[in-house]
Amino acid sequence: ASLWLNPSLKPAAFTVEPGKVRAAHDHYYLPVTIKNEGDATAAEVTVEGTLTTTSPEEVATTTFDFVPARSDAEGVLIFSQDPSAATVRVISYQEP
């Protein structure tokens, strides 16, 4: 049975929280925690971090294979400049 047949089940819904920046070897590592607050698993979830304080702006992405319903996943975005002011968001996902 498809999850979409039951209207009480919420589709995948995400929040992304950046962590503490770590500098090493001329790069900056920004940990991110993604939370799927929905009732459906999501596949190929792509998180993008954008740093607009640089010229040109710097963008980093990472893709999570799966983020199950009601769960968290952690990843890292890598920048060449300090990403403390970066915005992070989910830009796409697939329904498995």
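Two salt bridges turn up in this structure, a salt bridge being a side-chain nitrogen of Lys or Arg within 4 Å of a carboxyl oxygen of Asp or Glu. The model is predicted, so local features need pLDDT of at least 70, side-chain atom pairs count only at pLDDT 80 or more, and totals for chains, interfaces and linings use all residues. Residues are numbered from 1 along each chain as its sequence is written, and side-chain values use heavy atoms, with hydrogens and water left out.

**The salt bridges**

- Side chains of opposite charge can pair when their charged atoms come close.
- Strands (E, at least two residues) are DSSP runs, numbered from the N terminus.
- Asp39 counts as partly exposed because its relative accessibility is 23%, while Arg70, at 53%, counts as exposed. Here buried means under 20% relative accessible area, exposed means over 50%, and partly exposed is in between (1.4 Å probe, protein chains only).
- Glu48 and Arg89 also meet in a salt bridge through their side chains, at 3.4 Å from N to O.
- Because Glu48 sits in strand β4 and Arg89 in strand β7, this pair ties together parts that are 41 residues apart in sequence.
- Arg89 is partly exposed, at 48% relative accessibility.

**A closer look at Glu48**

- Glu48 has 15% relative accessibility, so it counts as buried.
- The side chain of Glu48 also makes a polar contact of 3.4 Å with that of Thr50. A polar contact is a pair of N or O atoms within 3.5 Å; within protein, one must be able to donate a hydrogen and the other to accept it, and residues adjacent in sequence count only if both atoms are side-chain atoms.
- Leaving aside neighbours within four places in sequence, Glu48 is in contact with residues including Val59, Leu77, Val88 and Ile91; contact means heavy atoms within 4.5 Å.

**The sheet**

- Three strands make an open sheet in the order β5-β4-β7, with antiparallel pairing. Two strands pair if DSSP finds at least two bridges between them.
- β5 (58-67) and β7 (87-94) are at the edges with a single partner strand each, so one side of each has no neighbour in the sheet.
- On average, neighbouring strands here are turned by 20° against each other, direction ignored. The axes are lines fitted to C-alpha atoms, and angles run from 0 to 180 degrees between N-to-C directions.
- β4 (residues 42-51) is joined to β7 by six bridges, and Thr50 stands opposite Thr87 in β7.
- Nine bridges join β4 to β5, where Val47 has Thr62 as its bridge partner.
- β4 and β5 are also joined by a hairpin through six residues.
- Thr53 is in the loop between β4 and β5, and at 61% relative accessibility it counts as exposed.

**The nonpolar core**

- The largest nonpolar core has 17 residues, and Ile34, Phe64, Leu77 and Phe79 have the most contacts inside it. Such a core is a set of buried Ala, Val, Leu, Ile, Met, Phe, Trp, Tyr and Cys residues joined through side-chain atoms within 4.5 Å.
- β3 (27-36), β4, β5 and β6 (71-79) each supply at least two residues of this core.
- β4 gives the largest share, four residues.
- Among the contacts of Leu77, leaving aside neighbours within four places in sequence, are Tyr28, Val32, Val47 and Ala60.
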